[in-house]
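Please look over the sequence and the structure shown here before reading on.

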Amino acid sequence: MSIKRLLTPALIGKGQMPTIFSSDQHQQKTVTPAQDWQKAERTEMNEVAAATLPDNSAPATDSPPVVIDPKPEKHAYINRASLESPYFPTWCPGCGNFGVWTALKNALVELQIPEQELVIVYGVGCSGNMADFNRVYGFHALHGRAISNAVAIKAANHRLKVIVVAGDGDTYGEGLNHFISAMRGNHDITLLVHDNQVYGLTTGQTAPTTDKGTKTKSTPFGSPEVPINPIGMALTADATFIARGFAGNIRHLTEMIKRAILHPGFSLVDMFQPCFTFNKVNTYHYFRERIYDLQQNEFEANHKVLAWEKTFDHEKLPIGIFYEDPYSVPFHASLSQLEEKPLTELSIAEVDMTEAIAPYV
Amino acid sequence: MSLHWKVAGRAGEGIDVTGMMFGKTCLRHGMNVFGYREYPSLIRGGHNTNQIHASFEPVTCQQKHIDLLVALNEESISLHLDEIDEKSVVLCEATQDGYDVSKYASTGAKFFDVPMTNISREETGHFLSQNVVSLAMSVWILGLDIEIFRQVVTDQFKEKGDKIVEMNLRALDHAYTYAKEKLPQIKPIAEKRPNTQIFLSGNNAVAIGAVAGGVQYFAAYPMTPASEILHTLASLQGKYPLVVKHVEDEISAMNQAIGAAYTGVRAMTSSATGGYALMVEATSLAAVMETPLVVAVGQRPGPATGLPTWTCQSDLQFILHAGHGEVPKVVLTPGSAQEHFELTRLAFYLAERYHLIVFVLSDKFSLESYMSMPQPQLKYENERYSFAQDPLPEDDSYRRFEITEEGYSPRSVPGQAHGLSITNSYEHDEFGYATEDAEMTKQMNEKRQRKLVSVKPELPPLELIGPEQAELTLVCWGSTRLVLEDVVRRMPEGVVNVIHFPCVWPFPTEGFFQYAQHAEKLICVEGNATGQLQQLIRQETGIQIHHHIHRYDGRPFYAEEIIKELEELRE
C-alpha cells in the first residue's frame with residue numbers, strides 16, 4: 001500500500017479498514033493473507049512513524065513496576081502481545097496518535113495490570129479509533145460521552161482500572177459538562193486527551209483548542225473564539241491530578257500516564273498531539289521549539305496558584321505534572337455502601353422489602 | 001359509601017403532608033384510597049390542592065364533587081365553587097382571613113368558620129400545626145377513629161423529635177374537642193377493617209419496584225413529574241446495595257446508567273419526557289451495545305417546558321420512535337400504583353434477560369397521585385440472566401456479540417477472564433470490532449430485532465376491565481385506566497368495558513384482535529390531541545377506531561365528564 005493512498009482523507013475514517021475477519025481468524029496462529037497484509041502495512045507504517053518521530057520510543061525504565069494485583073498467580077498480566085488486536089491503526093503516517101498509543105501501551109505493560117481488570121472507554125474521533133487496535137475490555141462510546149460512561153463503570157466496579165481515551169473536541173467541546181463534573185466528583189478515572197487543536201476525523205474544522213484567528217474548513221475567515229485552557233479549567237474544577245505530555249516525547253508521556261493511572265482519583269493528561277494532515281501550525285517542530293519539562297525546572301506540583309500561572313504561558317509550553325493532591329479521596333471511597341466490596345459483587349439475589357415499604361404503611 | 005375530602009391553600013402551607021396524613025388515616029381504617037394533587041410550578045404561593053377519595057369499595061381516581069373541603073384561604077373556596085353543593089361541608093377561617101362566606105351561600109354548602117390558626121398558635125406557638133388541627137376536625141366530621149389519626153400524627157413527626165410530636169398532639173386534642181362541641185358529623189364511617197395495603201405515589205411505586213427488581217445503579221437529573229423517583233431511591237441508599245447519583249444532566253444520566261449496566265449491575269435512569277429528550281442519543285447507544293437498561297419516563301404537557309406540573313399522554317409516539325437507527329425496545333405503560341410496582345420490577349428482568357432497553361412510560365397523573373395498593377411481598381428473589389458462562393474458554397474464542405437465534409448473546413463483564421471484547425457504538429462484528437461489512441451489518445441488525453420476537457411471550461397481556469360483552473368498548477393505556485375503571489363502576493352494567501394496554505410495544509397484535517372482534521363499538525380514550533394509540537392500532541392491525549375522547553389541557557380525565565360524552569354517543 002502506497003503512502004499516498006494512506007494520506008487520503010477517506011482513510012482517516014474507517015473507509016479502508018479491513019472489514020470482517022471471519023470470526024475464527026482472530027484466534028488463528030498461522031498467518032493468513034489478511035494478517036500478512038497487516039504485517040506489511042505495519043512495517044511500512046512503523047517506518048513512517050519512525051521517520052517523523054525522532055524521539056526514541058524505548059519504554060521508560062526509571063521506576064520499578066508497581067504491582068497492583070494481590071494475587072498475581074491467578075491472572076494474566078497485560079503484555080505487548082496480549083494488547084495486540086487483529087487490526088492495525090488507520091491513522092495517517094506521522095500522526096501523534098502513534099506516540100500516544102505507544103506510551104499508553106508502555107504504561108499498561110509496565111504497571112502489570114491483569115488484562116481483565118482494565119477498561120478503556122474511547123471517545124469518537126481519530127483517537128477513539130484506537131478502540132479497534134487494543135485487545136482489552138473496550139467501550140467505544142458516543143462522541144463527547146465517554147467520561148459519563150467511565151465514571152459509572154468505576155463506581156459500579158472499583159476494582160477496575162478505567163481509562164478514557166478521547167480527543168479535545170470530544171472532551172473540551174461536546175462533553176465539557178461531563179469533564180467538569182467528573183473532576184468535581186473526583187471519580188477515579190484517567191482521562192487521556194489527544195489535544196491536536198483541530199478536528200481530524202471530520203477532516204479539519206476548528207476545535208475548542210484552536211487558536212483564535214486560525215482558518216479552518218468551518219472557519220474560513222478565522223476561528224472567532226479564544227481557545228479553551230484545559231489545565232486551568234481542571235485546576236478550577238479541583239481535579240486532583242493534572243498533567244500534560246507530548247506525543248513526540250514517548251518516554252515522558254509514558255511516565256505521565258503511569259502516574260495518572262496510579263493516582264487515586266481523577267487524573268487528566270492533556271497531550272499535545274500533532275495532526276499531520278489538518279494542522280500545519282502546531283507541528284512536532286512547533287512543539288519541540290517551545291516545550292519544557294516542569295519537573296526538570298524545579299516546579300513542585302503542589303500549589304494551585306503557581307500551576308495556574310503556568311497555564312497562561314504561551315511562548316514556552318510547559319509539560320509535566322501541574323498539580324497533584326496527595327490526599328485525594330476518590331469518589332467510590334466516599335460511599336459507605338461500597339466500603340466492603342464493589343457494587344458488582346453485592347448480591348441482589350434476595351431483596352428484603354421491609355425498609356422500602358416502611359414509609360407507606 | 002365513599003368520602004371525598006380536599007384541602008386547598010397556598011403552596012408552602014404543608015398541603016401535601018396534610019393530604020398524605022389524611023390518606024393514611026383512611027388507609028389504616030382498611031379503606032382503598034386515592035390522593036390527587038394539583039399545584040403550579042412554584043415553590044411558594046400559588047394555589048395548591050390535595051384531594052382524597054376513600055372507600056371500602058375499589059377506588060382509582062378522584063371525582064369533582066367534594067364532601068368536605070378544608071379551605072385555608074378564600075381562593076380555596078372561590079376556585080372550587082363547582083365542586084361543592086348542598087351536601088358539602090366547608091371548613092374555613094373567614095374571620096381570620098377577612099372575608100365573608102355569605103357570598104358563597106348560593107352553592108348551598110355548609111360553611112364553618114373555625115379558628116384553625118388560633119388553635120395551632122395557642123398550643124404550639126406557631127401556625128404550622130393548622131394542618132393537624134384541620135385534620136382532627138375532619139376526622140370528627142367524617143366519623144373516623146381519632147386514635148388512628150393520633151398514631152398517624154405520631155409516625156409523621158417522630159423523626160423530628162418527641163417535643164414536636166407532643167406539640168402536635170396537643171393541637172390535635174384541642175381541635176378534636178372543639179369539633180365535638182361545635183361541628184356536625186356527615187357520612188360517619190363507623191366501620192374499620194384490617195389494613196393490608198400501602199399508600200404511595202406512582203413515583204414511589206416505581207422506586208420500590210426497582211428495589212424489588214434489584215436496581216443497583218440509578219443516575220438521574222431532577223425534573224417534574226419524575227423527581228420523586230430520584231428522591232425515593234436516594235433515601236434508600238445504605239439500606240440496599242444501591243448507588244444513586246444526581247448527575248450533571250440527562251445526557252450523563254443515561255450514559256452513566258449504560259456504563260454501570262455494562263459492568264453487570266442492574267441500572268436505571270428516569271426523567272420527564274422533556275429530560276428524556278436529551279437521552280435519545282444514548283437510547284440508540286444502549287441498543288447497539290445491547291446493554292440492559294430500564295428507563296422510567298413521566299409525561300407532562302409540551303412542547304418544550306410546557307406545563308411542568310400538569311398531566312398528559314402526548315409522548316407515546318415519541319417514545320416509540322426515540323433513538324436513531326432501528327432501536328428495539330419494550331414500552332410498558334402502567335396505570336395503577338400496583339402496575340407501576342410490578343412492571344418496573346418486570347422491566348429489570350426483561351432488560352437483563354433480553355439485553356433490551358425497557359421503558360416504563362407514565363405521566364404526572366399517575367406518578368404524583370397517591371394510591372393504595374396491596375402490600376408487596378416482603379422478599380423478592382432475583383435470578384441473573386444472559387451472562388456468559390464462567391469460566392470462559394481459555395482460548396479466547398468467546399464472542400460477545402455472537403449471532404444467535406434468540407437475538408441476545410450471553411455477555412461477559414469486565415473483570416471476567418477470557419471475556420475481553422469491545423462494546424462498540426459503531427456497527428461491529430461478533431467480537432465487537434468495528435465493521436462496515438454489508439453482510440455483517442445486515443446480520444447484526446436482524447439479530448437485534450429478533451429480541452423483540454423472543455421477549456413477546458413474557459410481556460404483560462392486554463387487560464379487559466368490566467364485562468366481557470358491552471355496548472361500548474373503551475381503549476386506553478397508562479393512567480387513563482384509573483378513570484375508566486371508575487366509569488365502568490358508575491355506568492349501568494353491560495354498557496361499557498375497557499381494553500387497557502399495560503404494554504404498547506412490541507404491540508400485542510393477537511390480543512387486540514381477540515378483544516376487538518367482540519367489541520360492538522370501540523372508543524379510544526387518550527390524554528393527547530392526535531390520537532397516538534389510535535394511530536398505533538391502525539398501523540399494527542389495520543383497525544380504524546372511529547370514536548375517540550381526547551383531553552390535552554393538562555388536566556386528568558374525570559369519570560363524570562367521560563360518562564357525559566358516552567351518554568351522548570349512545571343517543
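## Model and numbering

The model is predicted: local features need pLDDT of at least 70, side-chain atom pairs count only at pLDDT 80 or more, and totals for chains, interfaces and linings use all residues. Residues are numbered from 1 along each chain as its sequence is written, while chains are lettered from A and ligands numbered from 1 in the order in which they are written.

## Domains of chain B

Chain B is assigned domain 1 (2–195), domain 2 (200–374), domain 3 (386–460) and domain 4 (463–570); such bounds come from an automatic or database domain assignment. Between domain 2 and domain 3 of chain B, the C-alpha centres are 25 Å apart.

In chain B, 18 residues of domain 2 are in contact with 18 residues of domain 3 (contact: C-beta atoms, placed from the backbone, lie within 7 Å). On the domain 2 side, helix 14 (337–354) of chain B gives the most, with five residues. That side divides into 11 nonpolar, three polar and four charged residues. Here Ala, Val, Leu, Ile, Met, Phe, Trp, Tyr, Cys and Pro count as nonpolar, Asp, Glu, Lys and Arg as charged, and the others, Gly among them, as polar.

## A sheet in chain B

Chain B has an open sheet of seven strands in the order 9-8-10-11-13-12-20, with mixed pairing. Helices (H or I, at least four residues) and strands (E, at least two) are DSSP runs, numbered from the N terminus, and two strands pair if DSSP finds at least two bridges between them. Strand 9 (243–246) and strand 20 (503–505) of chain B each have a single partner strand, so one side of each lacks a neighbour in the sheet.

Within the sheet, strand 11 (residues 293–299) and strand 13 (residues 357–363) of chain B are parallel partners over seven bridges. Gly298(B) is opposite Ser362(B) of strand 13.

## Two helices of chain B

In chain B, the axes of helix 18 (residues 509–516) and helix 19 (residues 532–541) come within 11 Å and cross at roughly 100 degrees. Axes are lines fitted to C-alpha atoms, for helices over the stretch in contact, and angles run from 0 to 180 degrees between N-to-C directions. Thr509(B), Phe512(B) and Phe513(B) of helix 18 meet Ile537(B), Glu540(B) and Thr541(B) of helix 19.

## Where the chains meet

Between the chains, 54 residues of chain A are in contact with 68 residues of chain B. Helix 5 of chain A gives the most to the chain A side, with eight residues.

Strand 9 of chain A and strand 15 (residues 379–381) of chain B are antiparallel partners over three bridges. Glu350(A) is opposite Glu381(B) in strand 15 of chain B.

Technical notes. Contact = placed C-beta atoms within 7 Å.
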